[in-house]
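Open the model in your viewer and keep the selection panel at hand. The tour goes stop by stop.

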Amino acid sequence: MFKRRVGGVYFAIITQAIAPFSPSLIVGQQGYTGGINGITDLRTLHGWDIRTDHAKVILYFVEVALLFGCILLAQFIRLTKLGPSWWRCASRRRVRFSRL
């Protein structure tokens, strides 16, 4: 679809044709997705019990550190030469699909 530069009405038709199959794919692959309810009963993470209060605090700080790491990486990319060139390429691709 993207390689052949399908756009406009054809892109909308293809998107609407793919949409009904997504729920059946999610529900059908219950071993990986957990079906309609999602993955439930998460009790361990590689053998480590994550239900304790101590584990929840550790996981919270790990998530905060990862969030700040992602923010710092995004700022680094934005402020280097890669950032503006990446933005120009992305905006060109975005404009291509917004035309009528």
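Is Arg51 buried, partly exposed or exposed? Select Arg51: its relative accessible area is 49%, so Arg51 counts as partly exposed. Bear in mind that this is a predicted model.

**The salt bridge**

Asp49 and Arg51 form a salt bridge, with 3.2 Å between the closest N and O atoms. Side chains of opposite charge can pair when their charged atoms come close. Asp49 is partly exposed as well, at 29% relative accessible area. A search of the whole structure turns up one salt bridge.

**Strand S2**

Next, select residues 48-49, which make up strand S2. Trp48 lies in this strand. With a relative accessible area of 33%, Trp48 is partly exposed. Patch residues need over 30%, so at 33% Trp48 passes that cut-off.

**The nonpolar patch**

Now show the surface and pick Leu45, Trp48, Ile58, Val62 and Leu66. Together they make a nonpolar surface patch of about 430 Å². Which element gives the most to the patch? Select residues 53-79: this is helix H4, which contributes three residues.

**The whole chain**

Zoom out and colour by secondary structure. The chain has five helices and two strands. From the N terminus, the order reads α-α-α-β-β-α-α. Of the 100 residues, 4% count as buried. Finally, display contacts between residues at least 6 apart in sequence; 16% of these join residues at least 24 apart.

Technical notes: Residues are numbered from 1 along each chain as its sequence is written. This is a predicted model: local features need pLDDT of at least 70, side-chain atom pairs count only at pLDDT 80 or more; totals for chains, interfaces and linings use all residues. Side-chain values use heavy atoms; hydrogens and water are left out. Patches are made of residues with over 30% relative accessible area and no salt bridge: like charges are joined within 9 Å, nonpolar side chains (Val, Leu, Ile, Met, Phe, Trp, Tyr) within 5 Å. Accessible areas come from the Shrake-Rupley method with a 1.4 Å probe; for residues, only the protein chains shown count as cover. A salt bridge is a side-chain nitrogen of Lys or Arg within 4 Å of a carboxyl oxygen of Asp or Glu. Helices (H or I, at least four residues) and strands (E, at least two) are DSSP runs, numbered from the N terminus. Buried means under 20% relative accessible area, exposed over 50%, partly exposed in between (1.4 Å probe, protein chains only). Contact means heavy atoms within 4.5 Å.
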